[in-house]
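This briefing concerns a single protein chain and its local geometry. The structure is shown first, and the notes that follow are grouped by topic.

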Amino acid sequence: MIGQIVKKQALLLLRNPIQILLLVGLPIILIAILSTALGGMMMSGESPNIHVKLAFVEHGDEEAEIQRFLGELEDEGMPREAIEEMETGIEQMAPVSILKESVLGSEEVREFVELHEVEASELTEIWDDNSYTAVVEVPENFTYESLEYLVLNKNSQPVLEVSQNDDHQIGPMIINDILIQFQEQLTLGAFLEKNGIEQDVIQLDEGMFSGETLTLDQKNPIGSQEYYAVGMTVMNVLFIASTIGTIAFMEKKIHVFDRIILGNVSRWEYFIGVLLSGTLFSFIHLLIVYGFSWIVYGVRWPDLISFFTVTASLAIAVGGIAVLLTAISYRFNSEMITNFFAGIIVTLMAVLGGSFFPIGDSSAFIRALGNLTPNGAGMSSYLMILRGDGIAEISHHILFLILFAIASIVIAAISFPKRGASV
């Protein structure tokens, strides 16, 4: 009888081609869209097309400020020989010149930063020009105060004024990172100069080491198509659970469930039938989408045993969700929980699990939280397999999926209405 219930569920699903098209076609379409739109900004190794237009404004005269600083040293009675020796080092620490020529003007930075030196009188036009990513202003006396801070340890460290265009997302972060690194290098250079330490001392010489150089933890890289093939599949397979729950509740409304019970069929047979339907349909769904990804996008699995183990575990977890949704909707005589799961819960689980973007890379807590969802655990397992890990490395994710399925089934069994109960 359980086999007949599974067959009946399959026939009901097959009679709704639009639902099948959504279940199978939607993840395929999303894989194509997201891997193309966001792939260049992820771990595929592709460089995103970034162009930063930067305005650079000096409110002072760096050379005059350097001479002013040296003149004050001489007025304070410092020996001429010491001033001449310091002058050579100061010229190498001129912060504005270094920033413009050695940092922003370097060959690597020029590839994506377009530097424009503008006068202070042109600032009004710059503010109105939305093409500029940021404006860096060098305040008056910046070089003088920098030398006082770096050489004489006087006053506080001066700061550059940076204005960012909020309409640009990535460019301002790049400029901030460049300026922070410039500040760190400038401070380090001043420290070495004051203490008479050569720059070469802190640099490692590869010739000092002998032997073979190895890269640890060599793994296969994950491209955008592989990432989104996994992300969209583990997200959309959750809709199988809500689909099975909807079919089961529809059978209750049209009294199919009542007729099954009146036919002296145990409610547990129907319960197991729903569980097996969710598990079987989820397993088939995963194989179809991953099969398409293999044919079209070349997503290949280096360890098929691990792949099928994770796929089966995830399918069982989805089957557990399906029977849980069915039991709760039967208990409360409402389809609201199933609709809420499909409309809200799946999206939240997809975000936490990293289906849209590797959000877990920014926080270990979010990554751990995402792995506590069935789709997140499944996604982590699939990505680890693609990187070359075996079943031993993903065993904790598989164990979680199995325990999640058992917990869902137990809660569903407790909630499922008993024979003769009012439902």
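Which backbone oxygen does the side chain of serine 146 reach? The side chain of serine 146 reaches the backbone oxygen of phenylalanine 142, at 2.7 Å.

The model is predicted, so local features require pLDDT of at least 70 and side-chain atom pairs count only at pLDDT 80 or more, whereas totals for chains, interfaces and linings use all residues. Residues are numbered from 1 along each chain as its sequence is written, and side-chain values use heavy atoms, with hydrogens and water left out.

**Overall composition**

- The protein chain contains 18 helices and four strands; helices (H or I, at least four residues) and strands (E, at least two) are DSSP runs, numbered from the N terminus.
- Of the 423 residues in the protein chain, 43% are buried; buried means under 20% relative accessible area, exposed means over 50%, and partly exposed lies in between, with a 1.4 Å probe and protein chains only.
- Among contacts in the protein chain with a separation of 6 or more, 80% join residues 24 or more positions apart, a contact being heavy atoms within 4.5 Å.

**The cavity**

- One cavity of 30 Å³ or more is found in a search of the whole structure; on a 1 Å grid over the protein atoms alone, a cavity is a set of points where a 1.4 Å probe fits but cannot get out.
- The largest cavity holds about 40 Å³ of space, where grid points are joined across faces, edges and corners and the volume is the space filled by probe spheres set on the points.
- The lining of the largest cavity includes Glu58, Gly60, Asp61, Val96, Pro139, Asn141 and Phe142; lining residues have an atom within 4 Å of a point.
- Helices α3 (62-75) and α8 (142-152) are the elements that give two or more residues to this lining.
- By class, the lining has four nonpolar, three polar and four charged residues; Ala, Val, Leu, Ile, Met, Phe, Trp, Tyr, Cys and Pro count as nonpolar, Asp, Glu, Lys and Arg as charged, and the others, Gly among them, as polar.

**Residues connected with the lining**

- Serine 146 is located in helix α8 and counts as buried because its relative accessibility is 5%.
- Beyond its neighbours within four places in sequence, serine 146 is in contact with Pro95 and Pro158.
- Asparagine 141, one of the lining residues, sits in the loop between β3 (134-138) and α8.
- Phi of asparagine 141 is positive, near 70 degrees, in a residue other than glycine, and asparagine 141 is partly exposed at 24% relative accessibility.
- Lysine 100 belongs to helix α5 (residues 95-103) and is classed as buried because its relative accessibility is 15%.
- The side chain of lysine 100 makes polar contacts with the side chain of glutamate 58 at 2.7 Å and with the side chain of glutamate 117 at 3.3 Å.
- A polar contact is a pair of N or O atoms within 3.5 Å; within protein, one must be able to donate a hydrogen and the other to accept it, and residues adjacent in sequence count only if both atoms are side-chain atoms.
- With residues up to four places away in sequence left out, lysine 100 touches Phe56, Glu58, Gly105, Leu115 and Glu117.

**Aromatic pairs**

- The count comes to eleven aromatic pairs, under a rule in which rings of Phe, Tyr and Trp (its six-membered ring) pair if their centres lie within 6.5 Å, with planes under 30 degrees apart counted as stacked, over 60 as edge-to-face and the rest as tilted.
- The ring centres of tyrosine 227 and tyrosine 228 are 5.3 Å apart and their planes are at 85 degrees, so the pair is edge-to-face; both residues are buried.
- One aromatic cluster is formed by Tyr290, Trp301, Phe307, Phe308 and Tyr382.

- Threonine 338 lies in helix α15 (residues 336-353) and is buried, with a relative accessible area of 1%.
- Threonine 338 and threonine 243 are 95 residues apart in sequence, with a C-alpha to C-alpha distance of 8.5 Å.
- Asparagine 333, in the loop between α14 (304-332) and α15, has a positive phi of about 50 degrees although it is not a glycine.
- Valine 410, in helix α18 (residues 395-415), is partly exposed at a relative accessible area of 43%.

Notes. 1 Å grid on protein atoms, 1.4 Å probe; cavity = no way out; pocket = protein on both sides within 12 Å on 5 of 7 lines; lining within 4 Å.
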